[in-house]
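Subject: Structure handover

Hello,

I am passing this structure on to you. Please open it first, then read my notes below.

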Amino acid sequence: MKTQPSRNFVAGMLKSFTDSLLLVNQASQIIIMGDLNDDPTDESLLKYLESKPDTLIRAATKLYNLMTIKNWGDPPGTLKYQGSWNIFDQIIVSGNLIWNDSIFSIGPKGAEVFVPDFLFEDDEKYLGRKPFRTYIGFKYNDGYSDHLPVYIDLISR
């Protein structure tokens with residue numbers, strides 16, 4: 001909660017930058033991805049970045065969060081904190097990558113989470129499994145990351 005105003009501010013700045021790009025060139029193909037430290041339904045992404053949670057409203061110059069469109073299976077997120085899964089790792093694209101006959105488009109699977117077994121370890125405290133972390137606090141754990149990688153396939157036309 002303490003950093004929410006900062007996340008909202010940065011999301012608003014990012015929205016301003018993408019709007020500027022799309023104003024200059026409406027055919028711009030924009031990809032925003034990374035750990036935004038918020039779930040797709042949080043204020044920073046919905047209100048400030050204005051990333052749409054679905055593709056029902058088709059607009060080439062709008063932003064769409066592919067992580068909300070995804071039907072989640074196992075695991076139901078990209079990181080696990082105190083037994084609960086979150087989707088902090090986002091892939092947000094401009095509508096041009098979804099519908100227009102542009103140079104590139106998003107593949108038919110949309111956004112994916114990379115989930116090979118070697119990226120997990122048993123979660124003894126909260127049960128199930130969790131990402132195999134590199135560090136637990138200051139202790140080296142010999143793992144990979146506390147987040148699972150996300151990706152999209154781009155198709156060239």
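How do the residues of the lining of the largest pocket divide into nonpolar, polar and charged? Six are nonpolar, four are polar and six are charged. Please keep in mind that this is a predicted model.

**The pocket**

The largest pocket holds about 350 Å³ of space. It is lined by 16 residues. Lys80, Tyr81, Gln82, Lys130 and Arg133 are the closest to its centre. Strands S4 and S9 each supply at least two residues of this lining. S4 gives the most, with three residues.

**The sheet**

Next, look at the open sheet of four strands. Its order is S1-S6-S3-S2, and the pairing is mixed. S1 (31-35) and S2 are the edge strands, and each of them pairs on one side only.

S6 covers residues 89-94 and pairs with S1 in the antiparallel sense, over five bridges. Within that pairing, isoleucine 31 stands opposite valine 93. Isoleucine 32 has isoleucine 92 as its bridge partner in S6.

Strand S3 (residues 63-65) also runs antiparallel to S6, and three bridges join the two. Here tyrosine 64 stands opposite valine 93. So what does valine 93 face?

How many of the residues of S6 are buried? Six of its six residues are. In a regular strand, side chains alternate between the two faces of the sheet. In S6, Asp89, Ile91 and Val93 point one way. Gln90, Ile92 and Ser94 point the other way. All of them are buried.

**The salt bridges**

The count comes to six salt bridges. Three of them are described here.

Start with lysine 15 and glutamate 50. Their closest N and O atoms are 3.9 Å apart, and the cut-off for a salt bridge is 4 Å. Lysine 15 lies in helix H1 (residues 4-24), and glutamate 50 lies in the loop between helix H2 (43-48) and strand S2 (51-52), so the pair ties together parts that are 35 residues apart in sequence. Is each partner buried or exposed? Lysine 15 is buried, at 9% relative accessible area. Glutamate 50 is partly exposed, at 35%.

Then go to aspartate 123 and lysine 80. In this salt bridge the closest N and O atoms are 2.9 Å apart. Aspartate 123 sits in the loop between strand S8 (120-122) and strand S9 (129-131), while lysine 80 sits in strand S4 (residues 79-81). The two are 43 residues apart, and the pair links distant parts of the chain. Both aspartate 123 and lysine 80 are buried. Lysine 80 also belongs to the residues closest to the centre of the largest pocket.

Finally, arginine 129 and aspartate 117 meet through their side chains in a salt bridge of 3.6 Å, N to O. Arginine 129 is in strand S9 and aspartate 117 is in the loop between strand S7 (104-113) and S8, so this pair ties together parts that are twelve residues apart in sequence. Arginine 129 counts as partly exposed, with 23% relative accessibility. Aspartate 117 counts as exposed, with 64%. There is also a network: salt bridges that share partners join Lys15, Asp19 and Glu50.

Best wishes

Definitions and conventions:
Residues numbered from 1 in each chain as written. Predicted model: local features only at pLDDT ≥ 70, side-chain atom pairs only at ≥ 80, totals over all residues. Heavy atoms only, no water. Buried < 20%, exposed > 50% of the residue type's maximum accessible area, 1.4 Å probe, protein only. 1 Å grid on protein atoms, 1.4 Å probe; cavity = no way out; pocket = protein on both sides within 12 Å on 5 of 7 lines; lining within 4 Å. Points joined across faces, edges and corners; volume = space filled by probe spheres on them. Nonpolar A, V, L, I, M, F, W, Y, C, P; charged D, E, K, R; others polar. Pairing = 2+ DSSP bridges.
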